[in-house]
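This briefing concerns a predicted model. The points below take up strand pairing, the sheet, the helices packed on it and the nonpolar cores.

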Amino acid sequence: MGVDDPVVRPCPLGCAERGTSYGTLENTVGYAFSRKGYDLARCGSCKLIYLSPAPTDADLRALYVENGQFGDEYTDPKRVEAILEYIGHCFDRLAKERGWNMSAGVRVLEVGAGLAWMCRAAKLRGAQHKTVAQDVSPEAVEACPWVDKYVHGYVSDAAIDPYAPFQLISMTHVIEHLVDPRSVLAECRARLAPDGVIFITAPHRPREWREGDLEAWRKYSYNHVPAHIQYFSEGSMRKLAESVGCELAYWSHDHEGGEAFEAWLTPPGKRPSLWRRLFGAG
Ligand SMILES: [Zn+2]
């Protein structure tokens with residue numbers, strides 16, 4: 001370990017300062033990955049925590065193509081109700097703070113959608129909301145009648161374009177899976193409406209995380225090696241936002257005892273009314 005550690009890959013956000021390794025985390029599932037473990041590294045500049053090296057294409061295929069993602073817990077009625085209540089509450093907060101015209105309908109793009117919970121919550125609030133879902137996995141494409149257009153492909157897929165721009169681009173527990181979060185966020189930014197918001201939730205840090213405590217990390221419920229590639233901090237999310245021409249309009253890591261965060265990325269100069277109320281800005 002040390003600033004000159006040659007095995008740590010550069011920060012995925014492109015920081016000049018080298019990352020340092022906390023040590024090696026063992027894989028958490030028994031698929032045939034390219035290696036037995038990955039280093040947990042921290043960027044000395046933006047404080048992003050990330051796996052090094054990045055998973056290979058074969059590793060990603062093992063995770064997302066060869067093995068299914070959705071278990072029975074997503075069809076259990078109580079579980080479905082709880083997820084929809086939470087996601088619906090997020091939709092309502094975003095609509096209120098961004099001042100969207102609900103009767104005219106909100107255009108929603110759900111990235112890495114899976115079962116497309118945000119689209120489902122939007123449709124529950126009215127058929128006027130237009131919902132587009134995108135996922136590289138075909139697993140849920142036929143399972144989501146609440147999605148107007150389900151695109152099986154990358155977020156750069158031209159099939160999404162006719163529905164843009166979007167007021168809500170939602171990525172719930174997706175960004176931690178991306179090898180290149182900047183390119184995906186740039187695609188989202190290009191399709192974002194002037195009154196839009198990119199809504200991101202993802203794992204943050206283990207409860208009572210102390211710098212370098214790998215044992216705490218191993219016990220962290222979101223420690224999925226190598227599926228979860230990076231863990232944002234407020235500073236690293238701001239860097240990502242600014243690198244794609246957005247502002248970090250809201251950040252909270254009060255979720256799940258500090259184990260998960262919520263971030264809102266907006267076009268510059270279009271801050272939510274919440275921001276104005278809290279800070280008295282323009
Ligand atoms: Zn960095």
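F166 has L192, in β8, as its bridge partner. The two strands concerned, β7 (residues 166-172) and β8 (residues 192-203), run parallel and are paired over 6 bridges. Helix α4 (residues 181-190) packs on the sheet, where α4 touches β4, β7, β8 and β11. The direction of α4 makes about 150° with that of β8.

**Sheet**
- The open sheet comprises 7 strands in the order β6-β5-β4-β7-β8-β11-β10, and its pairing is mixed.
- Strands β6 (149-152) and β10 (247-255) form the edges; each has a single partner strand, so one side of each lacks a neighbour in the sheet.
- From one strand to the next, the twist averages 15°.

**Helix α2 on the sheet**
- Helix α2 (residues 77-98) lies across β4 (107-111), β7, β8, β10 and β11 (260-266).
- Relative to β8, helix α2 runs at about 145°.

**Nonpolar cores**
- The largest nonpolar core has 39 residues, of which M171, I175, I198, I200, M237 and L265 touch the most other members.
- Two or more residues of this core come from each of β2 (37-43), β4, β7, α4, β8, α6 (234-243), β10 and β11.
- Strand β8 gives the largest share of this core, 4 residues.
- Apart from neighbours within four places in sequence, I200 contacts M171, I175, L185, M237, F261, E262, A263 and L265.

Notes: Residues are numbered from 1 along each chain as its sequence is written. This is a predicted model: local features need pLDDT of at least 70, side-chain atom pairs count only at pLDDT 80 or more; totals for chains, interfaces and linings use all residues. Side-chain values use heavy atoms; hydrogens and water are left out. Two strands pair if DSSP finds at least two bridges between them. Axes are lines fitted to C-alpha atoms, for helices over the stretch in contact, and angles run from 0 to 180 degrees between N-to-C directions. Contact means heavy atoms within 4.5 Å. A nonpolar core is a set of buried Ala, Val, Leu, Ile, Met, Phe, Trp, Tyr and Cys residues joined through side-chain atoms within 4.5 Å. Buried means under 20% relative accessible area, exposed over 50%, partly exposed in between (1.4 Å probe, protein chains only).
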